[in-house]
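I opened this model to look up its fold, its core, its surface and a handful of side chains. My entries are below, in the order in which I made them.

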Amino acid sequence: MDKNNQTRVTEFLLLGLSGQPEQEEIILGLFLWMYLVTVIGNFLIISAISCDSHLHTPMYFFLANLSSVDICFSSVTIPKMLVNHILGSKSISYGECMTQIYFFITFINMDGFLLSVMAYDRYTAICCPLHYSMIMRPKLCVLLVVVSWVITNLHAFLHTLLMVQLTFCSSNAVHHFFCDPYPILKLSCSDTFINDLMVFTVGGLVFLTPFSCIIISYAYIFSNVLKLPSVRGLRKALSTCGSHLTVVCLFYGAILGVYMHPSSSYSVHDTVATIIFTVVTPLMNPFIYSLRNRDMKGAIRKLILRFQN
């Protein structure tokens, strides 16, 4: 394209998930409901863990962090969509879009790192029960979370920095409800080879490292669990990991389907898949971790009774 004829984009238009106004109303109502449930549910988990001294353990420390990240993750995308609908607008400024991309990458990777840390915690509890308290010391737990935050922020900064180097010309319509990096890359009239290369190399490393840790942790867990002599011990070990495995499969299954191919092949099916890990997974986490966990259900019940009194 002739650079003299380029009109630099100062804003993007978020067209949403459907071109039909009637469908958009239903989708927005559904997203508002899911966002409120996500925030309230995850806030209940954080509050229950904070107020119950019996839950001041590494596993629940990581769960509280995961719930905090899930609230932030949902808040990066859905509120802007709702505000635009109230104002009758579909626009998002260039600066807001790049900021949204930065925090989207940060929180999606932070989710992955926390899930891997939780898998390591379960591995230590099941495979090394006698040394658990010595290995999972409070300092190590805090260090794991801090290192995860540092890595995810540096990773997000790298991709956002590469994104702002691109030139966006006349086309600014994004067929999505937020600034997903792949649809934005498709709009660029610059060469996105470096961006795609970084997604597959650095992004792949940051994404697959925690995923590999989860796979290895559960490989050791299942190899040890199968050696348990009692059926009761086997059932207890599997129930401890069941909720975590459900979240891992839901989260990583959707992401692998969306981002493990070039940005140029991004399609409507990928847009639907992004809803799973941006909206559905943060929504489901409180239910998965509380309904399958007797301690969490007890702590939440106590918290609700305390508020009522």
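The entries go from the whole chain to single residues.

**Ground rules**

I am working with a predicted model, in which local features need pLDDT of at least 70 and side-chain atom pairs count only at pLDDT 80 or more, while totals for chains, interfaces and linings use all residues. I number residues from 1 along each chain as its sequence is written, and side-chain values use heavy atoms, with hydrogens and water left out.

**Overall fold**

I looked up the secondary structure and found 10 helices and 3 strands. Helices (H or I, at least four residues) and strands (E, at least two) are DSSP runs, numbered from the N terminus. I read the order along the sequence as β-α-α-β-α-α-α-β-α-α-α-α-α.

I then looked up contacts, meaning heavy atoms within 4.5 Å. Among contacts in the protein with a separation of 6 or more, 79% are between residues 24 or more positions apart.

I noted an accessible surface of about 15500 Å² for the protein, with 68% of it belonging to carbon and sulfur atoms. Areas come from the Shrake-Rupley method with a 1.4 Å probe; for residues, only the protein chains shown count as cover. Of the 309 residues, 49% are buried. Buried means under 20% relative accessible area, exposed over 50%, and partly exposed in between (1.4 Å probe, protein chains only).

**Nonpolar core**

Which residues touch the most other members of the largest nonpolar core? I found Phe12, Ile184 and Phe277, in a core of 85 residues. Helix 3 (residues 94-127) gives the most to this core, with 16 residues. Such a core is a set of buried Ala, Val, Leu, Ile, Met, Phe, Trp, Tyr and Cys residues joined through side-chain atoms within 4.5 Å.

I listed the contacts of Phe12, not counting residues up to four places away in sequence; they include Ile92, Tyr94, Cys97, Met98, Phe168, Asn172, Ile184 and Leu187.

I placed Asn172 in the loop between helix 5 and strand 3 (173-174). Its side chain reaches the backbone oxygen of Glu11 at 3.1 Å. I count this as a polar contact, a pair of N or O atoms within 3.5 Å; within protein, one must be able to donate a hydrogen and the other to accept it, and residues adjacent in sequence count only if both atoms are side-chain atoms. Leaving aside neighbours within four places in sequence, Asn172 is in contact with Val9, Glu11, Phe12, Leu13 and Leu187.

I placed Ser188 in the loop between helix 6 (181-187) and helix 7. Ser188 is buried, at 13% relative accessibility. The side chain of Ser188 reaches the backbone oxygen of Thr167 at 3.1 Å. Beyond four places in sequence, Ser188 is in contact with Leu166, Thr167 and Phe168.

Apart from neighbours within four places, Ile105 is in contact with His155, Ala156, His159 and Pro181.

I found Met198 in helix 7 (residues 193-225). The C-alpha atoms of Met198 and Leu158 are separated by 8.8 Å, and the two residues are 40 apart along the chain. Met198 touches Leu158, His159, Leu162 and Gly203, not counting residues up to four places away.

**Salt bridges**

How many salt bridges are there? I count 2, taking a side-chain nitrogen of Lys or Arg within 4 Å of a carboxyl oxygen of Asp or Glu.

- Lys80 and Glu96 meet at 3.5 Å, N to O. This pair links distant parts of the chain, with Lys80 in helix 2 (residues 58-87) and Glu96 in helix 3, 16 residues apart. Glu96 is partly exposed, at 40%.
- Arg122 pairs with Asp121, with the closest N and O atoms 2.8 Å apart. Arg122 is buried at 10%, and Asp121 is buried at 0%.

**Surface patch**

I found a nonpolar surface patch formed by Phe61, Val142, Val146, Val150 and Leu154, with about 420 Å² of accessible area together. Patches are made of residues with over 30% relative accessible area and no salt bridge: like charges are joined within 9 Å, nonpolar side chains (Val, Leu, Ile, Met, Phe, Trp, Tyr) within 5 Å. Helix 5 (residues 138-164) supplies the largest share, 4 residues. Val142 lies in helix 5 and is partly exposed, with a relative accessible area of 42%.
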